Amino acid sequence: MMAPSKMSFLIASLIVFAAATPSAMAFSFPAILPCIPFLPRIPLFPCIEPTPLKEPTECRTPLLKMLPCAGFLAINSSVAVPPSTCCEGANAVGMEGAAICYCRVVDGEIQQILPAPMNFTRMFALTDECGLHFRLDALAENCEGDGAPPMTLPSPPAGN
């Protein structure tokens, strides 16, 4: 056990050291977890603010990622299982902030970029075949008046 004078000196030294430490040198854990909107921020435990995804202005570009699905989606196709590139592309559309464009798949407008007419039964099967984290058939119920961007942007008026 320390004598009272040594204990007092140690406590006083710690207080002086703590007060003299600039706030930039104060300890905190690295930010590794995302911030949760409804929870307060906790000192010493910073969080990462997610960067908002930019909503697409047209759906053609994001849906081109699903072009590898064309062989599987075609009517009378002999392709029994979608290739992995198809599943990766189908998943990427939503993961990259263009999930609203799935409405252009459900309403058939994706056929503008497919080389052959699409089998809608196979399109709805992509959910199970690719292990997607959503159901295209459930999405179809919510795409009426969806406000999804157009498949392509309109051309600017000529002469302006």
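**The pocket and the charged side chains**

Modeller: Let's start with what lines the largest pocket: 13 nonpolar residues, no polar ones and one charged. Keep in mind that we're looking at a predicted model. In total, 14 residues line this pocket, and its volume comes out at about 300 Å³. If you want to find the middle on your screen, look for Leu-33, Ile-42, Phe-45, Pro-46 and Cys-47, the lining residues that lie nearest the centre.

Now for the rings. How many aromatic pairs does a search of the whole structure find? The count is zero.

Searching the whole structure turns up three salt bridges. One of them brings together the side chains of Lys-65 and Glu-96, with 3.1 Å from N to O. This pair links distant parts of the chain, as the two residues are 31 apart. Lys-65 belongs to the loop between helix 2 (60–63) and helix 3 (70–73), while Glu-96 belongs to the loop between helix 4 (84–95) and helix 5 (102–106). Are these two buried, partly exposed or exposed? Lys-65 has a relative accessibility of 31%, so it counts as partly exposed. Glu-96 also counts as partly exposed, because its value is 47%.

Then turn to Arg-104, which is worth a slow look. Its side chain forms a salt bridge with Asp-107 at 2.8 Å, N to O. Arg-104 also meets the side chain of Glu-109 in a salt bridge, this time at 3.3 Å, N to O. Through these shared partners, Arg-104, Asp-107 and Glu-109 are joined into one network.

How does burial look across that network? Arg-104 has a relative accessibility of 9%, and buried means under 20%, so Arg-104 counts as buried. Asp-107 counts as partly exposed because its relative accessibility is 39%. Glu-109 has a relative accessible area of 26%, so it is partly exposed as well.

Definitions and conventions
Residues numbered from 1 in each chain as written. Predicted model: local features only at pLDDT ≥ 70, side-chain atom pairs only at ≥ 80, totals over all residues. Heavy atoms only, no water. 1 Å grid on protein atoms, 1.4 Å probe; cavity = no way out; pocket = protein on both sides within 12 Å on 5 of 7 lines; lining within 4 Å. Points joined across faces, edges and corners; volume = space filled by probe spheres on them. Nonpolar A, V, L, I, M, F, W, Y, C, P; charged D, E, K, R; others polar. Phe/Tyr/Trp six-rings, centres within 6.5 Å; stacked < 30°, edge-to-face > 60°. Salt bridge = Lys/Arg side-chain N within 4 Å of Asp/Glu carboxyl O. Helix = DSSP H or I, 4+ residues; strand = E, 2+ residues; numbered from the N terminus. Buried < 20%, exposed > 50% of the residue type's maximum accessible area, 1.4 Å probe, protein only.
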